[in-house]
Amino acid sequence: MAKKTYDTPKIDELESGPWPSFVTGMKRLAEDKPMIRGVLGQLEHSYNDRKGYWKGGTVGVYGYGGGVIPRFTELKNESGDPMFPEAAEFHTVRIMPSAGMHYDTKTLRELCKVWDKYGSGLVAMHGQTGDIMFQGIDAENLQQCFDEMNEMGFDLGGAGPAVRTGMSCVGAARCEHSCCNEQRIHRMLVNAFLDDLHRPSLPYKFKFKVSGCANDCMNSIERADMAVIGTWRDAIQADQEEVKAFVKDKGRKYVVDNVVTRCPTNALSLNDDDTLDIDNRSCVRCMHCINVMTKALSPGKEKGVTVLVGGKRTLKIGDLFGTVVVPFLRMEKDEDYDRLLEIAQEIVDFFAENALEHERVGEMIERIGLVNFLEGVGLEVDPNMVRHPRTISYVLTHDWDEEAEKWHRRKQMESETGSAS
Ligand code: SF4
């Protein structure tokens with residue numbers, strides 16, 4: 001039987017540019033997958049009308065309250081039948097990737113084989129949710145497809161008002177900047193909140209992301225309700241011989257223009273003998289100098305994490321960056337991991353009880369105030385939480401001395417006991 005294809009002149013245009021186009025890939029898939037032919041037809045229709053024609057609904061697998069994004073076509077002909085019947089249903093299965101997104105080829109082949117058997121063949125690795133997005137399956141094949149992936153050890157990701165699939169960067173396995181065990185933190189958080197992930201019961205979504213250093217490959221500052229970012233609190237490790245070799249290779253002007261003057265806190269200066277002075281008390285651990293002089297500079301030895309809360313993309317009040325709530329937490333012993341989990345639990349519980357419906361943590365903090373949030377989750381105020389120095393001099397300062405004294409006492413205790421944060 002001849003394959004039914006649809007005219008797609010607008011979509012075809014997208015193949016004419018200099019870059020590879022998703023259209024070419026979809027056309028290749030359409031050879032064997034009628035669903036993709038229907039999707040291309042519907043997409044052309046959308047391009048003409050400048051309107052999307054997918055609507056949601058309820059589709060899922062047994063035992064899970066989320067993880068599948070239902071998509072039904074809205075395009076119907078006069079008799080009420082779908083205009084592109086092959087794409088009447090086009091659901092997405094969200095599958096949680098392994099922490100750090102480490103796969104072996106065999107596993108990827110197996111996943112593709114299952115998806116080819118039941119779904120459209122279209123895969124996105126990975127969405128901003130962190131999941132592997134298997135796009136295009138009908139309800140009839142969904143359960144079997146998931147069961148086979150589940151047999152391989154993969155689980156559904158999160159969707160809806162729930163804890164979402166966590167994300168962690170590739171980490172120490174392949175990156176010398178790593179300051180923490182990203183995969184362990186990621187696994188710990190996901191395992192602890194699995195129930196909240198599969199059974200949506202929060203006011204809105206809640207995302208954990210773990211980056212091993214301030215380069216923040218997971219975009220956790222902008223995207224995570226709770227971001228865990230590796231950092232250090234002693235001095236940057238500097239190999240002055242390598243600094244000299246770098247200066248010799250690139251020249252003093254290059255080093256001054258691209259390293260020294262680009263330090264956001266003026267913590268660097270180049271000496272006459274081509275060595276580098278680092279004012280570690282001024283350094284804000286931004287990673288810039290280390291990124292440029294990878295052989296000469298590396299993070300310090302006393303490593304741990306900073307915890308930020310409230311990052312998110314646009315919604316009610318626009319994009320928000322995370323706010324530091326724990327400046328430094330050493331991550332060496334089991335107790336340190338327990339402490340991090342405790343903080344996460346406090347934050348999720350407080351969010352569950354106090355956020356309005358469809359409100360992210362960052363928005364809740366804006367509404368109730370950071371001080372109330374910190375009090376609610378039992379975290380002490382710290383000068384590192386100041387986002388921007390005050391620009392107005394008319395401020396009430398009562399209680400400030402008390403807070404400052406409390407902070408000094410805490411810091412002194414920490415330095416005596418060697419504990420962190
Ligand atoms: Fe400056 Fe950033 Fe390097 Fe610290 S890490 S010395 S703040 S460039």
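Start with helix α6 (residues 182–192): Glu 182, Gln 183, Ile 185, His 186, Met 188, Leu 189 and Val 190 are buried there, where buried stands for under 20% relative accessible area with a 1.4 Å probe, counting protein chains only. Those buried residues pack against β7 (167–168), α7 (194–198), β8 (208–211), β9 (226–232), β14 (303–309) and α12; contact here is heavy atoms within 4.5 Å. Helices (H or I, at least four residues) and strands (E, at least two) are DSSP runs, numbered from the N terminus.

A word on what you're looking at: this is a predicted model, with local features needing pLDDT of at least 70 and side-chain atom pairs counting only at pLDDT 80 or more, while totals for chains, interfaces and linings use all residues. Residues are numbered from 1 along each chain as its sequence is written, and side-chain values use heavy atoms, with hydrogens and water left out.

Zooming out, the protein has 15 helices and 15 strands, and its C-alpha trace spans about 80 × 55 × 45 Å along the principal axes. Of the 421 residues, 44% are buried. Among contacts with a separation of 6 or more, 65% are between residues 24 or more positions apart.

| Domain | Residues |
|---|---|
| domain 1 | residues 9–151 |
| domain 2 | residues 167–233 + 302–420 |
| domain 3 | residues 237–298 |

The centres of domain 1 and domain 2, taken over C-alpha atoms, are 35 Å apart. Even so, 13 residues of domain 1 are in contact with 18 residues of domain 2.

Now for Gly 130, which sits in the loop between β5 (122–125) and β6 (132–137). Its relative accessibility is 0%, so Gly 130 counts as buried. Setting aside neighbours within four places in sequence, Gly 130 touches Pro 97, Met 101, Thr 165 and Met 167. With Met 167, the C-alpha atoms are 5.5 Å apart, although 37 residues separate the pair in sequence.

Back to α12 (residues 334–354), this time with α14 (residues 370–377): their axes come within 9 Å and cross at roughly 120°. Axes are lines fitted to C-alpha atoms over the stretch in contact, and angles run from 0 to 180 degrees between N-to-C directions. The two helices are therefore oblique to each other. The contact uses Glu 346, Ile 347 and Phe 350 from α12, plus Asn 372, Phe 373, Gly 376 and Val 377 from α14.

Technical notes
Parallel < 35°, antiparallel > 145°, perpendicular 65-115°, else oblique. Buried < 20%, exposed > 50% of the residue type's maximum accessible area, 1.4 Å probe, protein only. Domains from an automatic or database assignment.
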